[in-house]
Amino acid sequence: MHAPLFDNSTDTARPTLATPLVVAIDGPSGSGKSTVSRQVAARLELAYLDTGAMYRAATWWCLERGVPLDDTDAVAAEVHALPLVMGVDPAAPTVYVGGTDIGEAIRETRISAAVSAVATNLAARRELGRLQRAAIAAESSPSSFSGGRGIVAEGRDITTVVAPDADVRVLLTANETARLARRALEVHGTDDAAALHATRDQVLRRDADDSTVVQFHVAADGVVTVDSSELDLEQTVQAVLDVVVRVGRASA
């Protein structure tokens with residue numbers, strides 16, 4: 001039996017979370033999961049783990065070291081030795097590899113175009129999944145970033161593979177039109193026809209590639225779907241927070 005998610009015994013504007021709390025959020029490209037997950041983590045005073053950034057970091061590392069991404073064994077070996085440090089502050093998440101800050105470098109088009117080669121490498125996925133589970137477990141410690149309060153982890157397979165026993169599991173989705181427009185605005189600063197065309201391959205092809213090894217379009221049993229197609233950012237964040245309250249109360 002779970003402990004109550006919120007302690008409402010005191011009259012305060014912000015409810016007190018039972019701890020530790022693990023919130024797992026999956027979804028396709030452009031669904032808003034990274035921005036929403038950061039906001040949810042910040043409001044609940046939890047750590048934040050961007051697992052997609054871990055795949056991007058592994059891709060950057062392999063490219064920097066000249067490892068062919070189609071050499072699955074070599075890529076898996078590099079990922080196993082990856083000197084990765086993820087900063088889990090939702091206000092300023094960081095990604096360091098070998099002491100180098102690569103937070104901006106991993107968002108470059110060359111990484112976006114290549115990351116599926118690592119994401120579909122099953123041995124690499126297993127290793128990164130191990131690191132993700134370790135990061136999630138670490139936030140139960142009083143000495144962790146969250147002080148033992150917990151973490152919001154987001155990606156493709158967090159609700160099903162990495163943290164299937166998370167206290168709250170959400171599939172954040174949106175229709176294709178909304179997802180393309182959001183990613184175009186993020187990458188190009190506009191959602192005009194040219195930007196949508198330039199973004200289409202990055203969003204749809206990556207989703208198609210990644211869906212060969214993990215299911216993130218349909219919610220698994222026990223996972224709550226939040227469709228953000230017609231919601232703005234604040235409404236989407238609130239919808240996820242509502243799920244946290246509802247699911248926590250149901251499982252208390």
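**Notebook: pockets in a predicted model**

I started with what lines the largest pocket: its residues split into 13 nonpolar, 17 polar and 16 charged.

Residues are numbered from 1 along each chain as its sequence is written, and side-chain values use heavy atoms, with hydrogens and water left out.

Next I looked up the volume of the largest pocket, about 1000 Å³. Of its 46 lining residues, S34, T35, R107, R183 and E186 sit closest to the centre. A pocket here is an open set of points on a 1 Å grid over the protein atoms alone, where a 1.4 Å probe fits, with protein on both sides within 12 Å along at least five of seven lines; lining residues have an atom within 4 Å of a point. Points join across faces, edges and corners, and the volume is the space filled by probe spheres set on them.

Then I checked the second largest pocket, at about 200 Å³. Its lining has 10 nonpolar residues, 1 polar and 1 charged. Which element gives the largest share of this lining? I found that α5 does, with 4 residues.

Last, I checked burial: 48% of the chain's 252 residues count as buried (under 20% relative accessible area, 1.4 Å probe, protein chains only).

How values were computed
Predicted model: local features only at pLDDT ≥ 70, side-chain atom pairs only at ≥ 80, totals over all residues. Nonpolar A, V, L, I, M, F, W, Y, C, P; charged D, E, K, R; others polar. Helix = DSSP H or I, 4+ residues; strand = E, 2+ residues; numbered from the N terminus. Buried < 20%, exposed > 50% of the residue type's maximum accessible area, 1.4 Å probe, protein only.
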